[in-house]
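I opened this entry to look up what surrounds the ligand and how one side chain is held. My notes follow the structure.

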Amino acid sequence: RHKFWETQPVGQFKDLGDASLPEGPIEPPTPLSEVKQEPYNLPSPYEWTTCDMDSEEMCNEVYVLLTNNYVEDDENMFRFNYSKEFLRWALRPPGFYRSWHIGVRVKTSKKLVAFITGVPARIRARDTVVTMAEINFLCVHKKLRSKRLAPVMIKEVTRRVHMENIWQAAYTAGVVLPTPISTCQYWHRSLNPKKLIDVGFSRLGARMTMSRTIKLYKLPDQTVTPGFRKMEPHDVPAVTRLLRNYLKQFVVAPDFDENDVEHWLLPKEGVIDSYLVESPETHEITDFCSFYTLPSSILGNQNHSTLKAAYSYYNVSTKTPLIQLMNDALIVAKQKDFDVFNALDVMQNESFLKQLKFGPGDGKLHYYLYNYRLKHVLRASELGLVLL
Ligand code: MYA
Ligand code: JJ1
């Protein structure tokens, strides 16, 4: 069934119910001297390239490959359109390795036709913090699909991760592979219902007119929580404390330090938005919410070419009810002209999705760990991790 994945140190379907298998690494690290020193062989028309995301030219090549060939919905109506600034942010966190930004070119034309990336992250599973690679942006050009290039790319990124003495990874995918640690549901909150309906992202509900639908999704012009403001650089220590304390409750979550928070959560125009609540009396930081910008190309619509989507990232409430905090997030996303606000049912998100008029999407997202076993499949609400 899974000729490649059956050979890899990942949870296998046959082991799913087996409580005798321990939690933790599936295989031990090998001595670094035993890690293969040369890249894996590609079919002869192709060659490896390391993509320098600092280079405007390389970043542009990656952007073009992904814009035309990356993830689509099940009916091929929309395709993720990560911006160059977003890719630079996603791929250059603290301690990143340039060697983990891996491209494949056609030898003769030098055209970039495939890509896979890793970035380092400390991820806690139960009470163990493990240095892992987060693997993302696996993409093979549409014309080169089903030639078994993906397994070679996965083996090569694995080799380059091993060279840095890192033996675990985390990744998400829309497809079922051996075997998910958890499966999440996408939810969508219409901000611009007319456009969403016009482009086929959503439909008019039963017994609904366009004007009733627009009214249903109306939001206030201004946020309502006193002390709600954009996060600033001087907030990094307080946000780090708030977030670290919050993420403790989940079975799998990142172990963020101040450098991580500065990188992953400080606002970056058109990439990441973060807001917090500073108590007007005590000036304490009590609540936090964030979302990232990931537009999708609309495939084959006369009137619209991009869907502006915000994706819920990390949110923490200690004083402001989470519903009110997320309603303020919706209000700022609307002010910023997003068409839709998306969220997974991870962490405590279920507690606000229905009340804030999110509806379930047709997409699921499966979470995976490489070379790390968990005894049980997790509920989405036990996941404290959002990958980009
Ligand atoms: S998820 C986003 C993936 N990208 C897309 O969906 C974009 C559009 N699709 C494509 O570009 C291609 O269809 C891809 C497959 C490149 C996905 N994750 O080359 P093939 C297995 C893992 O003939 P193609 C993301 O970026 C498939 O089951 N494996 O197929 C996270 C089969 O294996 P098996 C996948 O369609 C990526 C084999 O590949 C995926 O031409 C995490 C077929 O290869 C997938 N999304 O290319 C990667 N899709 O026979 C794993 C298919 O066994 C990281 N396959 O079933 C693992 C950790 C590594 C680091 C470890 C460090 C210690
Ligand atoms: O965006 C998604 N689905 C949309 C569009 C569906 C278009 C037809 N297939 C959707 N819309 C309904 C919205 C509606 C709004 C009012 C309330 C009710 C709901 O359902 C889906 C997620 O639902 N997205 C995808 O399918 C994209 C791929 C998802 C897998 C991602 C893999 C990620 C890679 C990892 O790094």
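**Ligand 1 and its shell**

I first noted that an oxygen atom of ligand 1 is 3.3 Å from a polar backbone atom of Phe 137. This is a predicted model, in which local features need pLDDT of at least 70, side-chain atom pairs count only at pLDDT 80 or more, and totals for chains, interfaces and linings use all residues. Residues are numbered from 1 along each chain as its sequence is written, chains are lettered from A and ligands numbered from 1 in the order in which they are written, and side-chain values use heavy atoms, with hydrogens and water left out.

I then found a backbone N or O atom of Ser 146 at 2.7 Å from an oxygen atom of ligand 1, and one of Ala 150 at 2.8 Å from an oxygen atom of the ligand. Of the 1,200 Å² of accessible area (Shrake-Rupley method, 1.4 Å probe) that ligand 1 has on its own, the protein covers 88%.

I counted 32 residues around ligand 1 (a heavy atom within 4 Å), with His 2, Trp 5 and Leu 138 among the closest. By type, the shell holds 20 nonpolar, eight polar and four charged residues.

**Gln 8**

Which side chains make polar contacts with Gln 8? I found Thr 7 at 3.1 Å and Tyr 370 at 2.8 Å; a polar contact here is a pair of N or O atoms within 3.5 Å, one able to donate a hydrogen and the other to accept it, and residues adjacent in sequence count only if both atoms are side-chain atoms. I also recorded that Gln 8 is buried (under 20% relative accessible area), at 13%.

Conventions: Nonpolar A, V, L, I, M, F, W, Y, C, P; charged D, E, K, R; others polar. Buried < 20%, exposed > 50% of the residue type's maximum accessible area, 1.4 Å probe, protein only.
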